[in-house]
Amino acid sequence: MSTTNTQHTPGPWLLMPGNLSVSGNDPEGTRYQEIARMINGNTTCTHLQVTADEMKANATLIAAAPELLEACKLALSAFEQNHAIDWSILTQAINKAEGR
């Protein structure tokens, strides 16, 4: 759980491959709105309907995606093989995703 009240845009998020953007639910959960878009090889947050804090939380979550994926793969592999897991890897990935 985050140490602040700021949270990222609720999921699920969708990749929109036609324009290389990511969309997520609007605050009411009734439609999708753009979260980030690739422009000239750079990712930019383009939310205009949310606060700067939510944009930062979205960017923080996106930046943590590689670590989150690796932690999930390690946890799944350990579970499937009945091995112990170093839970600190999961904790570190979650902390990064939440900006801690």
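Reader: How many helices and strands are there in the protein?

Author: This predicted model has two helices and four strands. Read along the sequence, they follow the pattern β-β-β-β-α-α.

Reader: Why are H1 and H2 called roughly antiparallel?

Author: Good one! Helix H1 covers residues 52-80 and helix H2 covers residues 87-97, and their axes cross at roughly 165°. Angles over 145 degrees count as roughly antiparallel. H1 and H2 are therefore roughly antiparallel to each other.

Reader: What else describes how two packed helices sit together?

Author: Besides the angle, the distance between the axes is used. Here the axes of H1 and H2 come within 8 Å. The crossing of H1 past H2 is left-handed.

Reader: How do you know which residues of H1 meet H2?

Author: Contact means heavy atoms within 4.5 Å. On the H1 side, the residues that meet H2 include Leu61, Ala64, Leu68 and Cys72. On the H2 side, Ile89, Leu90, Ala93 and Ile94 are among them.

Reader: What classes of residue make up the contact of H1 with H2?

Author: There are 13 nonpolar residues, one polar and two charged. Leu and Ala count as nonpolar, while Glu and Lys count as charged.

Reader: What makes a residue buried, and what percentage of the protein is buried?

Author: Buried means under 20% relative accessible area. Of the 100 residues in the protein, 23% are buried. The accessible surface comes to about 7000 Å², and 59% of that belongs to carbon and sulfur atoms.

Key:
Residues are numbered from 1 along each chain as its sequence is written. This is a predicted model: local features need pLDDT of at least 70, side-chain atom pairs count only at pLDDT 80 or more; totals for chains, interfaces and linings use all residues. Side-chain values use heavy atoms; hydrogens and water are left out. Axes are lines fitted to C-alpha atoms, for helices over the stretch in contact, and angles run from 0 to 180 degrees between N-to-C directions. Angles under 35 degrees count as roughly parallel, over 145 as roughly antiparallel, 65 to 115 as roughly perpendicular and the rest as oblique. A crossing is left-handed if the near helix is turned anticlockwise from the far one by less than a right angle, and right-handed if clockwise. Buried means under 20% relative accessible area, exposed over 50%, partly exposed in between (1.4 Å probe, protein chains only). Accessible areas come from the Shrake-Rupley method with a 1.4 Å probe; for residues, only the protein chains shown count as cover.
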